[in-house]
Amino acid sequence: MTAIDTAGLKTMFDEISVAIEADRDRLCQLDGVIGDADHGIAMALGFGAVRDALAALDLSAIEPTALLNTAAKSFLNAVGASSGPLYATAFMRSAAAVKGKAVLEDADVVAMLQAMAQGIRDRGKADIGEKTMVDAWQPAAEAAAAAHAAGKTLTEILDAAFAAAERGAEATKDMIASKGRSSRLGERSLGHMDPGAASAVTVIGAMRKGLA
Ligand code: ADP
Ligand code: MG
């Protein structure tokens, strides 16, 4: 059983900002095909701002909920693109999901992932199959919950979430976008991976690295 404290969560966000920064150009290229080519910039700005905001916190004085709410606020303030409110809502919901906890156990990590996926769905009003980041986040959260219910370790839970996100992102190539900027392309969005689903894989991979 793992117990993740605020320092562990900060490590997770540091890993995400490094991974997103490294992936920035690819994400802009993907967004260039079916969107406006700024997704890598938006995500790098957002997670860079989160990293800086968390670095300024006294981690010993706060609980995971306060850290996650700080992440939500700094992401929202830094990002003007659609991914801004989507991830801000995700982190706000994850903050609410672990309210009152001093450290996070495996079940809390799963609850956090589920809250993130649900927050993105609610904020974007998108469902599975609409070629958005939901197509990576939703299966990832479900796979994490299933792995936890089957008694798996945190590493196995996060491996399962990552693999499901990868499959989900891959599947967006066969979808026609019906939400967000790329929906204007209609059938011309076919054959291309959704950039938000691609970055979700990167985020979840970095969460795995930071938490497991
Ligand atoms: P913008 O489209 O404003 O330039 P970004 O480029 O940062 O924003 O993000 C685009 C990604 O946001 C898309 O690839 C998609 O995954 C996600 N997205 C857009 N609209 C929605 C929505 N309504 N629900 C869920 N995800 C969405
Ligand atoms: Mg864009």
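**A loop residue and the helices around it**

Modeller: Start with Glu-130, whose side chain reaches the backbone nitrogen of Asp-127 at 2.7 Å. A second polar contact joins its side chain to that of Ser-178, at 2.9 Å. Such a contact is a pair of N or O atoms within 3.5 Å; within protein, one must be able to donate a hydrogen and the other to accept it, and residues adjacent in sequence count only if both atoms are side-chain atoms.

Before going on, note that this is a predicted model: local features need pLDDT of at least 70, side-chain atom pairs count only at pLDDT 80 or more, and totals for chains, interfaces and linings use all residues. Residues are numbered from 1 along each chain as its sequence is written, chains are lettered from A and ligands numbered from 1 in the order written, and side-chain values use heavy atoms, with hydrogens and water left out.

Where is Glu-130? It lies in the loop between helix 5 and helix 6. Helices here are DSSP runs (H or I, at least four residues), numbered from the N terminus. Glu-130 has a relative accessible area of 16%, so it is buried. Buried means under 20%, exposed over 50%, and partly exposed in between (1.4 Å probe, protein chains only). Leaving out residues up to four places away in sequence, Glu-130 touches Lys-125, Asp-135, Met-175, Ile-176, Ala-177, Ser-178 and Lys-179. Contact means heavy atoms within 4.5 Å.

Lys-131 sits in the loop between helix 5 and helix 6. Its relative accessibility is 0%, so Lys-131 is buried. Its phi is positive, about 65°, although Lys-131 is not a glycine. Ala-37 also has a positive phi, near 65°, and is not a glycine. Ala-37 belongs to the loop between helix 1 and helix 2. At 34% relative accessibility, Ala-37 is partly exposed.

Now look at the nonpolar core. This is a set of buried Ala, Val, Leu, Ile, Met, Phe, Trp, Tyr and Cys residues joined through side-chain atoms within 4.5 Å. The largest one has 62 residues, and Phe-13, Phe-47, Tyr-87 and Trp-137 have the most contacts inside it. Helix 8 gives the largest share, 9 residues. Trp-137 touches Tyr-87, Leu-113 and Met-116, among others, with neighbours within four places left aside. Its partners also include Ala-200, Val-203, Ile-204 and Met-207.

How do the helices pack? The axes of helix 1 and helix 8 come within 8 Å and cross at roughly 160°. Helix 1 is therefore roughly antiparallel to helix 8. Axes are lines fitted to C-alpha atoms, for helices over the stretch in contact, and angles run from 0 to 180 degrees between N-to-C directions. Under 35 degrees counts as roughly parallel, over 145 as roughly antiparallel, 65 to 115 as roughly perpendicular, and the rest as oblique. The crossing of helix 1 and helix 8 is right-handed. Handedness is right if the near helix is turned clockwise from the far one by less than a right angle, and left if anticlockwise.

Ala-206 is in helix 8. Its relative accessibility is 4%, so Ala-206 is buried. Beyond neighbours within four places in sequence, Ala-206 contacts Met-12, Glu-15, Ile-16 and Ala-19.

Helix 1 and helix 2 have axes that come within 7 Å and cross at roughly 165°. This crossing is left-handed. Residues of helix 1 that meet helix 2 include Phe-13, Ile-20 and Leu-27, and those on the helix 2 side include Phe-47 and Leu-54.

Definitions and conventions:
Helix = DSSP H or I, 4+ residues; strand = E, 2+ residues; numbered from the N terminus.
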